[in-house]
Amino acid sequence: MRISLVGTTRSGKTVYLASLLRAAFTQDRVMRPIKVRPGADCEPALDLFDSATGILCGTMPAGTTTLTRYQFVADLPGSLLAGLGKCSLDITLTDPPGGDCMPPAGSSLHPAVLADLCEADGLLLILPGDAAKLPGDLCDRLDALAQQVAEAKGVEPGKPVFLRACVVVTMAELLPAGNGGSALDELESKEPYDLVVEHVGSDLVRALRGMVAPGGDGYALVSAMGFDRSTRGVAAHREAGDWKLVPGPRGFDEAWWPYRVFEPLEFLARGVAWRARMAP
Ligand SMILES: Nc1nc2c(ncn2[C@@H]2O[C@H](COP(=O)(O)OP(=O)(O)O)[C@@H](O)[C@H]2O)c(=O)[nH]1
Ligand SMILES: [Mg+2]
């Protein structure tokens, strides 16, 4: 199954991918670990794999002036108990120069981004949990994307263009308003769907549902930078508008506690996701 990853500039795409590549190496034992690896011979993905820890700690790779196409493979293990077979996802992110793979309505998608979307069975839409990074015209951008994909694929208006689509709010640790409890406990006490609607509005849900068959829409809250294990609060620190992880004396592997980063992949692959996965 092929997945196309999209999101506006600064929505957290690169950092989320870095977290997926790095998460299989954390100290946390997970029952059925999912592994995400660079696609065969994909130089940009291999570079991202090598610099993943630095990226999570706030060292961003230099922006490129050329189109960069990243390919990854996610291996999902099977489960005899749940009657699930193994499966794998081919995940692609095409970063046009300037970085906007989801331009405002009225401007066309980059042809390479459109080509990827037309090949994809699933859409992974990254949205930033940091409201300052959320564009006001998100819904128009998603409608415009759907329309261009439908046109290019020759799909009738109103018919689904993807098998599944998942809205992924990353930096989700920033969503809880913090009324006394820890950010983690507050986040866990709410339904992802409700928080997504609160954060981006129900118009976006309507736009998403228009792209898939009934039941094909999913909602996930993830955090690449995650939580502080001892305080259960936000782990990242803000520096001049950007967030950085500072691992401290225990080192990166001991300190890093990402939040539910694999859930969107489970949903896209299988149409269901167990909330127990990667739960801190
Ligand atoms: N607090 C927090 N900030 C994040 C997280 N992921 C990304 N960010 C912030 O968002 C910025 C943009 O992320 P990036 O992945 O470069 O966005 P892209 O343009 O979509 O690739 C980063 O520099 C971080 O400051 C996260 O999980 N938590
Ligand atoms: Mg990026």
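Student: Are α4 and α7 roughly parallel or roughly perpendicular to each other?

Tutor: Keep in mind throughout that this is a predicted model. The axes of α4 and helix α7, residues 202-209, come within 9 Å and cross at roughly 5°, and angles under 35 degrees count as roughly parallel. The relation of α4 and α7 is therefore roughly parallel.

Student: Which residues of α7 take part in that contact, and how many charged residues does the contact have?

Tutor: From α4 come L138, C139, L142, D143 and A146, which meet D203, L204, A207 and L208 in α7. By class, this contact of α4 with α7 holds seven nonpolar residues and no polar ones, and the number of charged residues is two.

Student: How are α3 and α4 oriented to each other, roughly parallel or roughly perpendicular?

Tutor: Helix α3, residues 111-119, and helix α4, residues 138-153, have axes 10 Å apart and pack at an angle of about 70°. The contact is formed by L114, L117 and C118 of α3 together with Q148, V149, A152 and K153 of α4, and these residues divide into five nonpolar, one polar and one charged. Since angles from 65 to 115 degrees count as roughly perpendicular, the orientation of α3 and α4 is therefore roughly perpendicular.

Student: Turning to the sheet, which are its edge strands?

Tutor: Seven strands, with mixed pairing, form an open sheet in the order β2-β3-β4-β1-β5-β6-β7. A strand at the edge pairs on one side only, and this applies to β2, residues 35-38, and β7, residues 217-221. Neighbouring strands of this sheet are turned against each other by 25° on average, direction ignored. The edge strands are thus β2 and β7.

Student: How many bridges join β3 to β4?

Tutor: On one side, β3 pairs with β2 in the antiparallel sense over four bridges, and here R37 stands opposite V73. Towards β4, where D75 stands opposite S88, the strands also run antiparallel, and the number of bridges joining β3 to β4 is nine.

Student: Which side chains of β3 are buried?

Tutor: The side chains along β3 alternate between two faces.

Student: At what angle to β6 does helix α9 run?

Tutor: Helix α2, residues 43-56, lies across β2 and β3 and runs at about 70° to β3. Helix α9, residues 263-270, lies across β1, β3, β4, β5, β6 and β7, and its angle to β6 is about 175°.

Student: How many other C-beta atoms lie within 10 Å of R10?

Tutor: R10, which is not a glycine, has a positive phi of about 65°, and its place is in the loop between β1 and α1. R10 is partly exposed, and the number of other C-beta atoms within 10 Å is 18.

Student: Finally, which element gives the largest share of the shell around ligand 1?

Tutor: Among the 19 residues around ligand 1, those that come nearest are G12, K13, T14, V15 and W243, while the elements giving two or more residues to the shell are α1, residues 13-23, and β9, residues 242-245. By class the shell has eight nonpolar, eight polar and three charged residues. In α1, eleven of eleven residues are buried. The largest share of the shell, three residues, comes from α1.

Key. Residues numbered from 1 in each chain as written. Chains lettered and ligands numbered in written order. Predicted model: local features only at pLDDT ≥ 70, side-chain atom pairs only at ≥ 80, totals over all residues. Near = placed C-beta within 6 Å. Nonpolar A, V, L, I, M, F, W, Y, C, P; charged D, E, K, R; others polar. Pairing = 2+ DSSP bridges. Axes fitted to C-alpha atoms, helices over the stretch in contact; angles between N-to-C directions. Contact = placed C-beta atoms within 7 Å. Parallel < 35°, antiparallel > 145°, perpendicular 65-115°, else oblique. Buried ≥ 20, exposed ≤ 12 C-beta atoms within 10 Å, placed from the backbone.
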